[in-house]
Amino acid sequence: MAQIFHRSTNTISRVSIYGAVILIAILGYAVNVVNQTSYVTEVHNARPQPVPFSHKHHVGELGLDCRYCHSSVEDSSSAGMPATQTCMVCHSQIWTSAAILEPVRASYRDSTPIAWTRVNALPDFVYFNHSIHVAKGVGCTTCHGPVAEMNITWREQSLYMRWCLECHNSPEKYLRPKSEVFNAFYKPPADQEALGNRLMSEYKVRKLTDCTTCHR
Amino acid sequence: MADSPSDRLAEQMANVPILGPGYNYASVTDKISAIVLARRTPKWWIFGFLISFALVMLLMVSVTYLLVAGVGIWGIQIPIAWGFAIINFVWWIGIGHAGTLISAILLLLRQQWRTSINRFAEAMTLFAVSCAGIFPLIHMGRPWLGYWLFPYPDTMKMWPNFRSPLVWDAFAVSTYATVSLLFWFIGLIPDLATLRDRARNRAAKMIYGLLAMGWRGSAVHWERHETASLLLAGLATPLVLSVHTIVSFDFAFAIVPGWHATIFPPYFVAGAIYAGFAMVLTLSIPIRKLFRLEDFITMRHLDNMGKVLLATGLIVGYGYMMEAFSAFYSGNQYERFMILNRMTGPYAPMYWMLIACNIVTPQFLWFRKVRAKVGALFAIAMVVNVGMWLERFVIVVTSLHRDFLPSSWGIYYPTRWDIFTFVGTIGLFLFLVFLFIRYLPLISIFEMRTLVASEEEKKAAN
Amino acid sequence: MDIDRKNAGQPDVDISALRKASSGGDTPRFWRGLDELADTPEFRNHKENEFPHGANDPDAKLDRRDLLKVMAASAAFAGLSGCTKLPTQKIVPYVRQPEEIIPGKPLFYATAVTLGGVATGVLVESHMARPTKIEGNPDHPGSLGATDAFSQASVLGLYDPDRSQAEIHDGRIGSWAEFQDELSTALGAEKGNSGSGVRLLTPTITSPTLGDQINTFLKAYPSVKWVQYESVTRDNIREGTKLAFGEYVNTVYRVDQADVIVTLDSDFLTSGPGCLRYAREFARKRRVEGPDSKMNRLYAFESTPTNTGAMADHRLRMPASFVDDFAHHLARELGLVVGDVIFTPPPTREQFAWIQALARDLERHLGASLVVPGDQQPPTVHAIAYAINAALRNFGKTIYFTEPIEVSPVNQWDSIGQLAADIRAGGVTTLLIMGSNPVYDAPADLGFKEILPKVPFSVRLGLYEDETSALCHWHIPQAHELESWGDARGYDGTATVIQPLIAPLYGGKSEVDFLAVLNGQASKPSHDFIHDYWQAQRPNVDRFDAFWEKTLRDGVVADSAFPPKQVSLKADAAMQVTPYTVRGLEIVFRPDHTVWDGRFANNGWLQELPKPLTMLTWDSVAMLSPKTAERLGIKSEDAIELKYHGRTIVAPAWVTPGHADESVTVFLGYGRTRSGRVGTGTGFDAGWIRPLATPWIGGGLEVRKTGARWALATTQTQSTMEGREPIRIATLDVYQKNPKFAQADADENPLSLYPAVKYEGNQWGMAIDLNACTGCGGCVVACQAENNIAVVGKKEVMIGRHMHWIRIDRYYEGGVDDPGAYHEPVLCMHCENAPCEVVCPVVATVHSSEGLNEMIYNRCVGTRYCSNNCPYKVRRFNFYLYSDWDTPSLFGMRNPNVSVRSRGVMEKCSYCVQRINAVKIEAEEQDRPIRDGEIVTACQQSCPSEAIMFGNINDPNSRVSKLKANNRNYKLLEELNTRPRTTYLAKLRNPNPEIEKTPAV
């Protein structure tokens, strides 16, 4: 009797069977890759801001200290965003008529706050505390990257839990002397391991991996 | 002595063949494949199909509402945080076991009488497992995160808790589903080929053809087929024991009085096979009647299944007795209270119904007369199905509702959504069964052929 | 509170509806204990039919919330791939940063919350200018750092979305300015007759400033009548002092000086002014360190079971109307000359013996004993109590007197009666109601509902647009205490300046503002009134600004407490006896434990707080004793008809062990018709049958079964310990003979397959002294406020889904008629071998390096296995989306340091880990170890009797370690070897051997 299928069907079926298996594997891998891309993590995406504030200019060129604007970073969980007032301390003197600063002046004039776009965001169930990290010798740039080179600020790290745990499991790889914490140009020494271990004992740094360290 | 009626009955029973007289290869093939191909769809089929389909819709509605509103729509609460969902899960997964037992273990034991029932027993396994599989997922507070139970490299650097029985469950059940599916499908291939060749319209040819995966019945094919079936049988055999053992761990690992018992694994497995055979009987009796397959599924089959039912029933009964005994023997006030509470507490009716269904009723199967009566067998099988569900209800609910601190005791009532979901899965089960018996050969054609062969050899021998 | 609105639905009190409901299949579900259950109709049909109860879903319909949830769910499914992306957020910094505010750091302000005018000093935690939590003010004598449930819940009251938000003029939106015009015209018209047609109705006023303002007003309009009224009035106490001393005085106890205390139907440990302090002083006298420690002894005469009665070493049960006679009889036993006592019926021989033994005991403790009359008892009982105290030389030792703390103490019931009469007579042209809600809570026979509309011009200042506002021409939204300037006096006269923590959320006006308008000083800011008043009071303080600042910071006005006052007991103080004519059943009215006089009816936290002893939520009941119930053929949850003074009301019966026979207690504060979406329609209005004549105790109540059922929501269904020992109790003797009685089965090093975990540094633990716990429930609400715990509503409570992280178990021991009642707070034990941890498939609950049993909501998938395996059943599950994610005004209330839980996750006590972490970070930054007592859990903080102690159990010198070293210390369900970190100190009773033969050891 007549064959209902063309002989090619055999090949097709074989290919499709093995193909399916491979395809599933690839898909799984793809998901993993996509999760690392900046599309999901926002890493290195410079976010548009109401005022094109340049850390490069203020920190890199003028050498402002981080704490001048992010004033509560040493006493509070939140590093703090500068009040318009803080901007106006200088900009009531210099660049007083610059067009790009109009939103700042407007804000100060009509007492309407500036709505900045958040660059480094954590989910609400994560309780991060700046002050303790700073106090234990974790530098700003360790997480926030080369701020002094950012014209428009971007996120340097994925802020995934996996990333947090890298440091919480082995702080010695990242610690720096307290004196260098706010140094935006700090380069880790060659013997970071040795330094890190010394600082860990000096600053009594523990490897905190309890869930409630961050989740409550 | 040989003239006492019961002995005569015994003789007759022994002589009842596992295949009706006067069949040859062709007639067997015709009779079975005709069900699928030639015959017009019978009225009863359409009727039953529609009912089961309606129930599937009910399941859909219940599950959707569940996802929208949350598990609060069920009767569960603190302290009874597990209710119908887990009861039904254990019940369904148990039912599945008979299929695997018949197709795997009896195959390895070369039990010929399994031939005509293993196909739909396997199918039943598959369908039961798919019903069971729904519950662990939907009983979760956040089902959409169910995949966290499986280990995979995630952005959180987290792994599941390998100490938790629920994780073992996830593996056990998924393995079980996969193996059963493969086993069943491989068994189907030669018959699918037969259907392909016998089908008249092109669509049918195409479909069966695709499913037959180019089976040509060459010696090589048969040789590989045999090997594959044997291998899978070997794989499936330990599963029959392991799966329900692990399910029983869900309870045995907890410290709840009434759950924390070492006897659970064996008596869960026995219970599973018990429930399974009950379900096989419940299905095969109507089917053989409706499709007039009395010659293929003979009284001999029913008799054997009755015996298995009796045997496993006795094991289960032993389990209950040991539970009560160890509770009293333990001298532990919580254990003692637990068993007393089962017998006299607010859920005592459930407990005694369970005893009646699972221990008392099957005793009738001691009598050949009973085993020889189709109706009686069917009734007993039904009762056992109910009983096994009650067993899980008693284990889950009565153990939880009064545990250690009297201050946190409670009472559990199912809601309409509990019931809808349960009935819904029964619908899904029947729905699949109906599709199966209509569109696939519900008895293994090629294996029946081998039976014909062996029968002829017997004749030749005489 | 959306969930509440859905679930708080109470089957309306219409009998026919109830009857229909009960005949129909869907009777609201409830359950009982083992034997009881067997004969409820529910269980009978449960026997017949496997699944008696069908419907239970609180919201079968799909509303907006649910649709949102579908979207959420589908989004989540889409997210299965794991590609979940955070939405873009905005950061909005200040334009000008305020000095004191550091983002992320809470500030604490000292102020006070009042109940019935009496102030309790509190510290309010404020996050970025959002008050989120109330703590007690350690510097305030009435608080000593503790709080009650009411003050804890006032935060929710502040953010309550149902509070009135606009001036209403005859049902239309009005304006503040418009109101001022109308008022001035109205008052102008009165100027001629010096305001004889004007009435000012206020609650009890202790605020010096308000008093000053009112007096100014009364000077301007001499004929204005000022009416003070509280539904839960303290008239009897005032009149009692008048009876005894011929003048109104304020009574203050020194419980810490008393070794033998007798209460005459009084709940002084958990209710009334100063109860927080009294509870602490009482508990301090029961701190049993070792076998040689002393304990005070408490006797209670009682009708309605109270927490104080449960604490008593001896409790004599009697109808409230008998207390008077018994008190006089006791006085006579003590050799006082008293009026003739007509016992009806005469006491039994046991009762006589009891009283004689008590008298002996009192005589043995001259100057160190205390007799406390009950707030609801008639003046004669107070008088006799003072007479006895005087005879026992307690004056100046365990009890002293001061000037009244009220600005003007009056007999409030007389004056409200007078007001009603005036209105009927048409003599009232202008009625200014400041806060009070007479239409709901004034004596029913005054009929304010009918007469109020007769008043030509009526104004109401109120937090809610309620029953009274609805009938007034003007409704002015009142500012919450946390929103307004004010001041008030504490139980001993100590004044506190009430300062606002936030500008009025709904544009409310404070009482000061309101009175300012009356005095034509509308332009003057309310702050200035307070400031100026106190400046006037303190003329010789040189730098007043500094004084003012200190006053605000400390939360008390320096040396403002009243000095003790010399009083002279009138000779005939003991001669008068209230002649009760109690025919048939007695009825007793009581303020409700959680909604008081109804002012808290719309507060979900208080509605869901289980009432002491009954463990009931969301409802009020008519309590009656088992014997009486049996006689009347009444079962718990029968809807019964109460007929009193010609008025009838339908109430659910609650058979209460330990209640006096032939007496029925009903509670005020329920049956509100206009209280908001939470409170409206809960319970029944006992006020409806409460006449002017008998505010508290009366006779001749008629009770009739309606045949209908009224399902109640209780959080505990089993009242007996079932031969188990969750609470270990012994008498002081037994303890002294066998100090380790509680540790009989203690096993110091139980077997284990695994090596014990070694804890470096801190290891947290808790000890709870059952000898101190009064079961007041303050900790439950404190925990709810601190940890953003959701309210679930009546239906959910009925099926055992309440969410409290700490619960107070109550067990009865002994006969059903007069059992002992014991309280036991149960929270997560943070077991060393936690059964919940092994079974969680996704490691959502794990052990921390400091011994905490952590629960990670964002990891939980909701299998509920942990709860099944928890022998203490302290885990709570979000069966629905219980947290309110919709109502914006409630967002501000939440503690920003605790996740707001979503649907489908498990939650439980965390030992306030957010507080632990805060202190840890601070200590680390200062490079120092954590000090003992630096970390205080919310429950511990609120506890008036210091029953709860938390700390580092690795430090042998920490207070918690010391308590755990006490030989009363035992572990709950120790035999399970879960090794709980929360342990209990066994309860001791100190019975009088003359009354109770102590059993052999």
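In this predicted model, A:E202 and A:R198 join their side chains in a salt bridge, 3.2 Å from N to O; the term covers a side-chain nitrogen of Lys or Arg within 4 Å of a carboxyl oxygen of Asp or Glu. By this rule, the count over all chains comes to 73. As this is a predicted model, local features need pLDDT of at least 70 and side-chain atom pairs count only at pLDDT 80 or more, while totals for chains, interfaces and linings use all residues. Side-chain values use heavy atoms, leaving out hydrogens and water.

**Salt bridges**

- A:E202 and A:R198 both sit in helix α10 (residues 192-202) of chain A, four residues apart, or about one turn of the helix. Helices (H or I, at least four residues) and strands (E, at least two) are DSSP runs, numbered from the N terminus.
- A:E202 is partly exposed at 47% relative accessible area, and A:R198 is partly exposed at 46%. Buried here means under 20%, exposed means over 50%, and partly exposed is in between (1.4 Å probe, protein chains only).
- Over in chain C, C:R163 pairs with C:E483 in a salt bridge whose closest N and O atoms are 2.7 Å apart. C:R163 is in the loop between α6 and β5 of chain C and C:E483 in the loop between β17 and β18 of chain C, so the pair ties together parts 320 residues apart in sequence. Both C:R163 and C:E483 are buried.
- C:D818 and C:R315 meet in another salt bridge, at 3.1 Å from N to O. This pair ties together parts that are 503 residues apart in sequence, because C:D818 lies in the loop between β30 and β31 of chain C and C:R315 in strand β12 of chain C.
- C:D818 and C:R315 also belong to a network of salt bridges, linked with C:E302, C:R317, C:K627 and C:D661.

**Where chains B and A touch**

- 14 residues of chain B are in contact (heavy atoms within 4.5 Å) with 10 residues of chain A.
- Helices α6 (165-198) and α7 (202-212) of chain B each supply at least two residues of the side of chain B that touches chain A. α7(B) gives the most, with five residues.

**A sheet in chain C**

- Four strands of chain C make an open sheet in the order β36-β29-β38-β37, with mixed pairing; two strands pair if DSSP finds at least two bridges between them.
- β36 and β37 of chain C stand at the edges with a single partner strand each, so one side of each is left without a neighbour in the sheet.

How values were computed: Residues are numbered from 1 along each chain as its sequence is written. Chains are lettered from A and ligands numbered from 1 in the order in which they are written.
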